[in-house]
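Please have the structure open as you read.

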Number of protein chains: 2
Amino acid sequence: MDAARQDEIKRRFGTRVRELRKARNLSQEAVALRCGLDRSYVGGIERGENNLSLINIHRLAEALGVEAGELLG
Amino acid sequence: MDAARQDEIKRRFGTRVRELRKARNLSQEAVALRCGLDRSYVGGIERGENNLSLINIHRLAEALGVEAGELLG
């Protein structure tokens, strides 16, 4: 899998997280607190910078009130 | 999120990967080759030992011919 495809996967994931967070009127800080993650890390996820782990995907899904599978394309 | 819940997430993911792999009559070696991952790493995923990354979740999904979201509960 080439670097461009990896970037696309991370960007798409981040866009989905941002859309769901905004639809719930949550700040990055609020989501970070719910997840137990740093706010800056959540910001990086939304910008498509982070290759986060299975566990953190589930943490985010719980914070956003969705099934983890809904965060992935 | 406590350790028991993290273990449950990893075990459930691994069980799903194993089910899909066997349904396709693929060996761990074949999946590992398709993913560009080590066979032992794929074995660890199936045993629920690995907290794999977003990119590797997508690599596995491509190797198994499913959408990445289908691998998560």
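## Helices H2 and H3 of chain A

In this predicted model, helix H2 (residues 28-35) of chain A and helix H3 (residues 39-46) of chain A have axes that come within 8 Å and cross at roughly 110°. H2(A) and H3(A) are therefore roughly perpendicular to each other, since angles of 65 to 115 degrees count as such. The crossing in which H2(A) passes H3(A) is right-handed.

Which residues make this contact? From H2(A) come A:Gln28, A:Glu29, A:Val31 and A:Ala32, and they meet A:Arg39, A:Val42, A:Gly43 and A:Glu46 of H3(A). By class, the residues in the contact of H2(A) with H3(A) are three nonpolar, two polar and three charged.

## A:Asn56 in helix H4

Moving along chain A, we find A:Asn56 in helix H4 (residues 54-64). Is A:Asn56 buried or exposed? A:Asn56 has a relative accessible area of 12%, so it is buried, the cut-off for burial being under 20%.

Setting aside neighbours within four places in sequence, A:Asn56 is in contact with A:Leu37 and A:Tyr41. The side chain of A:Asn56 is also joined to that of A:Arg59 by a polar contact of 2.6 Å. As for A:Val31, which lies 25 residues away from A:Asn56 along the chain, the C-alpha atoms of the two are separated by 12 Å.

## Helix H4 of chain A against helix H1 of chain B

Now to a packing that involves both chains. H4(A) packs with helix H1 (residues 3-23) of chain B at an angle of about 110°, and their axes are 10 Å apart. H4(A) and H1(B) are therefore roughly perpendicular to each other, and their crossing is right-handed.

On the H4(A) side, the contact holds A:Leu54, A:Ile55, A:His58, A:Arg59 and A:Glu62; these meet B:Arg5, B:Gln6, B:Ile9, B:Lys10 and B:Phe13 in H1(B). Sorted by class, the contact of H4(A) with H1(B) has four nonpolar, two polar and four charged residues. A:Arg59, one of the residues listed here for H4(A), is also the polar-contact partner of A:Asn56.

## B:Ser53 in a loop of chain B

One more residue deserves a look. B:Ser53 sits in the loop between helix H3 (39-46) and helix H4 (54-64) of chain B. Its relative accessibility is 14%, so B:Ser53 counts as buried.

What does B:Ser53 touch, leaving aside its neighbours within four places in sequence? B:Ser53 is in contact with A:Asn51, A:Leu52 and A:Ser53.

Key
Residues numbered from 1 in each chain as written. Chains lettered and ligands numbered in written order. Predicted model: local features only at pLDDT ≥ 70, side-chain atom pairs only at ≥ 80, totals over all residues. Heavy atoms only, no water. Axes fitted to C-alpha atoms, helices over the stretch in contact; angles between N-to-C directions. Helix = DSSP H or I, 4+ residues; strand = E, 2+ residues; numbered from the N terminus. Parallel < 35°, antiparallel > 145°, perpendicular 65-115°, else oblique. Left-handed = near helix turned anticlockwise from the far one by under 90°. Contact = heavy atoms within 4.5 Å. Nonpolar A, V, L, I, M, F, W, Y, C, P; charged D, E, K, R; others polar. Buried < 20%, exposed > 50% of the residue type's maximum accessible area, 1.4 Å probe, protein only. Polar contact = N/O pair within 3.5 Å; in protein donor to acceptor, adjacent residues only side chain to side chain.
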